[in-house]
Amino acid sequence: MAYFFDEPSRTFNEYLLVPGYTSEENIPENVSLKTPLVKYRRGEEECPLSLNIPMVSAIMQSVSDDKMAVALATEGGLSFVYGSQSIEDEAAMVARVKDYKAGFVTSDANLSPDMTLADVVELHDRLGHSTMPVTAGADPHGKLLGVVTERDYRLSRMSLDEKVSTFMTPREKLIVAPADTSLKVANDIIWDHKLNSLPIVDDNDCLLYLVFRKDYDSHKSNPNEMLDAHKRYMVGAGINSRDYAERVPALVEAGVDVLCIDSSEGYSVWQKRTIEWIRERYGDTVKVGAGNVVDAEGFRFLADAGADFVKIGIGGGSICITRETKGIGRGQATATIDVARARNEYFKETGVYVPVCSDGGIVYDHHITLALAMGADFVMLGRYFARFDESPTNLVNVNGSYMKEYWGEGSARARNWQRYDLGGNKKGMSFVEGVDSYVPYAGSLKDNVATTLAKVKSTMCNCGALTIPELQEKAKLTLVSSTSIVEGGAHDVLQKDKAGGYAAPVR
């Protein structure tokens, strides 16, 4: 006879946190959101790899590329570059993140001497940049011939046909720095010579990067940056259980910091074989997460297989229709509680702490805090990050509102059949498990993440907790009725404006 769970399958919206004692120490400035990303053993002084904020971006075409990875690593989180692309393209994305030098900007507004003032104006209007290098062939890494800034021309007194070569600041008048210049030294040169920007050139005088005065303060204002031992941004990548023998070596060669098997259902022999293959060839030097699972059995299976972290969630994503099409899954809150409890039991038995990630089902900012209180070490977000400038999708106008495109990996658009693969020789999708949609445009990642984390820290203080483990120990949670859910929001009034969680339209 089938097994029946006694408890219903519940979502985050069915729970509230009950406040605990708030002492004078419980202020947001004292809260640490650092959390383990991969497994560690009891007695080890430090987890081999930790996040500075408990947020990672989903392994999705519409969410996580190299641009998103740099932006999120700057704030202390981590992106998992999507794996539903060619091995070469995914490895190239990872390499671009690892090669990205914070504060060193590759110019995207370049001129050649034969271009005109009209070209300068067009570039300025389109990109907003006031500093434009002049290089051979307008190549971003071509031989540096000069620079054009707003101080080099006056539209009221010059013809738009005038050649760049006649008004640019020529190379011989520029102060430049060699390729091995550190960011600290570059900033010192900028300040000593009162420059707005400093070109970095190679031995052949070809342009490599620009360092800007305005970026100095920005770099100083990101203390949570996720950096590796070589001061490079950290990045993850998705893999599947089909072509891992080719994909994993390419990603490792590109410098990936952590991998994750991207699958709608992780309690399978295919994931076990993938992890075993990685362990046989790389030992513990390559970190790999697995999932997704929704109960204790699934967690223990992947933990025993050697997963470095386990992802929780089936059918809870806003663009996922797995529960509708297949009738399989579990409410995200119930799944998180059950798997986190299994994680704690596993730690007591084995001395190995395997972090768990709640993936999906988060609609409002406070759901992140609920997931952490229920035992998640960090959360994976798709829709949340898809709304930002840094996501790889198009910004479109839908009925007068700006939106970003957002589609599921199980949609016909993504055609990521490997994520839903159940083995065998057949390759392809016989039906979809995701939809193609829009989400309200929300602006920059930095501003939105700062607001979200401010809410998380404030709630933790209300619970008397200064760390995520302390929150999990002290949290008191209560179920709420459908009536009290209505009571919890604005009601019986006519609102002038809507605000609140990130699901609300951005005004």
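Predicted model: local features only at pLDDT ≥ 70, side-chain atom pairs only at ≥ 80, totals over all residues.
Local features were taken at pLDDT of at least 70 and side-chain atom pairs at pLDDT 80 or more, whereas totals for chains, interfaces and linings use all residues. Residues are numbered from 1 along each chain as its sequence is written, and side-chain values use heavy atoms, with hydrogens and water left out.

Helices (H or I, at least four residues) and strands (E, at least two) are DSSP runs numbered from the N terminus; two strands pair if DSSP finds at least two bridges between them. Strand E19 (residues 378-381) is paired in the parallel sense with strand E5 (residues 55-57) over 3 bridges, and methionine 55 stands opposite valine 379. Strand E18 (residues 356-359) also pairs with E19 in the parallel sense over 3 bridges, with cysteine 357 as the bridge partner of phenylalanine 378. E18, helix H12 (residues 365-373) and E19 make a right-handed β-α-β unit, right-handed meaning that, with the strands pointing away from the viewer, the path from the first strand over the helix to the second runs clockwise. Both faces of E19 are covered: Phe378 and Met380 on one side and Val379 and Leu381 on the other are buried (buried, under 20% relative accessible area; exposed, over 50%; partly exposed, in between; 1.4 Å probe, protein chains only).

Strand E21 (residues 401-407) has 5 of its 7 residues buried and is therefore largely enclosed by the rest of the structure. On the E20 side (residues 395-398), 4 bridges join the two strands in antiparallel fashion, and leucine 395 stands opposite lysine 404. E20 and E21 form a hairpin with 2 residues between them, where asparagine 399 has a positive phi of about 55°. E21 also pairs with strand E22 (residues 436-440) in the antiparallel sense over 5 bridges; here lysine 404 stands opposite valine 439.

An open antiparallel sheet of 3 strands has the order E7-E8-E9. Its edge strands are E7 and E9 (169-170), each pairing on one side only. Strand E8 (residues 144-148) is joined to E9 by 2 bridges, and glycine 146 stands opposite proline 170. Threonine 131 lies in the loop between helix H3 (117-127) and strand E7 (132-135). Threonine 131 is buried at 12% relative accessible area, and its contacts (heavy atoms within 4.5 Å) beyond four places in sequence are Val147, Val148, Thr149, Ser197 and Phe212.

A nonpolar core is a set of buried Ala, Val, Leu, Ile, Met, Phe, Trp, Tyr and Cys residues joined through side-chain atoms within 4.5 Å. The largest has 104 residues, of which Leu37, Met55, Leu78, Phe80, Leu259, Phe299 and Phe385 touch the most other members. Apart from it lies another core of 14 residues, including Ala109, Val148, Tyr153 and Val164.

The whole structure contains 15 aromatic pairs (Phe, Tyr or Trp rings, the six-membered ring for Trp, with centres within 6.5 Å; planes under 30 degrees apart are stacked, over 60 edge-to-face, the rest tilted). Tyrosine 40 and tyrosine 353 are stacked, at 5.2 Å centre to centre and 25° between the planes. Tyrosine 40 lies in strand E3 (residues 40-41) and tyrosine 353 in strand E17 (residues 352-353), so the pair ties together parts 313 residues apart in sequence. Tyrosine 40 is partly exposed at 22%, whereas tyrosine 353 is buried at 10%. Phenylalanine 385 and phenylalanine 388 form an edge-to-face pair, with centres 6.1 Å apart and planes at 85°.
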